[in-house]
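Student: I'm new to this one, and I'd like to go through it slowly. Could you show it to me?

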Amino acid sequence: MFFSPAINYLTSRAHNLHILCLSTGNADGIGNVRKEELYLAAAVLKIPCQHVKVVDHPDLQDGFGKVWTTDLLVAIIEQEIHSKAIDLIITFDNYGVSGHCNHCDVQRGVRKLLQNTSLQVEAWELVSTNIMRKYSGPLDIWLSMLLAGRCVDGQMHCVLNESPYKSYQAMAQHKSQWIWFRKLFVSFSSYTYVNTLKRMKI
């Protein structure tokens with residue numbers, strides 16, 4: 001729903017991508033179904049299933065009001081960095097696009113990890129936008145490019161989605177979630193067409 005422009009951009013340039021999903025999304029009791037759907041969606045985006053890890057931990061159940069422990073997130077993320085030789089992370093910013101508490105928890109976990117480690121890893125945050133920009137579809141491309149272009153120190157980049165329809169196809173693999181308002185979201189969300197990434201300040 002949010003990161004497909006960056007994913008399409010990087011895979012098209014033969015970068016080696018891994019997805020770490022920190023919950024099965026079992027709020028409605030269909031976590032196993034949603035996990036399989038994520039594998040299918042990743043395949044559409046040219047990421048093999050062996051590069052997708054879905055964490056199923058009793059303390060990482062998704063949902064508003066279910067706060068994830070930062071130290072647990074740090075431990076899981078650090079293990080993945082070491083085991084996969086990760087040198088760059090793309091994650092949410094401190095608002096998490098939608099304000100979802102678990103999105104924000106992930107950002108805090110990445111930040112704490114990088115603040116307390118000697119790992120040579122860059123972290124980039126997906127910039128959250130206001131609601132007008134969020135639902136302006138491809139029109140937001142120009143504003144995103146303008147704002148990123150004003151950042152002359154290389155700490156912000158605008159990444160265009162070269163295959164928006166592929167993003168739609170990937171989201172359609174989440175059949176348990178593929179209801180009318182999510183179809184509208186993927187069609188009209190600026191996050192289908194452009195990602196603005198800002199380097200995380202540690």
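Student: Which residues form a nonpolar patch on the surface?

Tutor: Ile 179, Trp 180, Phe 181, Leu 184 and Phe 188 form it, and together they have about 550 Å² of accessible area. Such areas come from the Shrake-Rupley method with a 1.4 Å probe, and for residues only the protein chains shown count as cover. Patches are made of residues with over 30% relative accessible area and no salt bridge, with like charges joined within 9 Å and nonpolar side chains (Val, Leu, Ile, Met, Phe, Trp, Tyr) within 5 Å; a salt bridge is a side-chain nitrogen of Lys or Arg within 4 Å of a carboxyl oxygen of Asp or Glu.

Student: What should I know about the model itself?

Tutor: This is a predicted model, in which local features need pLDDT of at least 70 and side-chain atom pairs count only at pLDDT 80 or more, while totals for chains, interfaces and linings use all residues. Residues are numbered from 1 along each chain as its sequence is written, and side-chain values use heavy atoms, with hydrogens and water left out.

Student: Back to Leu 184: where does it lie?

Tutor: Leu 184 lies in helix 8; helices (H or I, at least four residues) and strands (E, at least two) are DSSP runs, numbered from the N terminus. Leu 184 counts as partly exposed because its relative accessibility is 42%, given that buried means under 20% relative accessible area, exposed over 50%, and partly exposed in between (1.4 Å probe, protein chains only).

Student: And Ser 189, is that buried or exposed?

Tutor: Ser 189 has 0% relative accessibility, so it counts as buried. Its place is the loop between helix 8 (180–188) and strand 6 (194–199). Leaving aside neighbours within four places in sequence, Ser 189 is in contact (heavy atoms within 4.5 Å) with Lys 134, Gly 137 and Leu 184.

Student: New topic: how many disulfides are there?

Tutor: A search of the whole structure finds zero disulfides, a disulfide being a pair of cysteine sulfur atoms within 2.5 Å.

Student: What about Thr 91, which strand is it in?

Tutor: Thr 91 is in strand 3 (residues 88–92), and with a relative accessible area of 5% it is buried.
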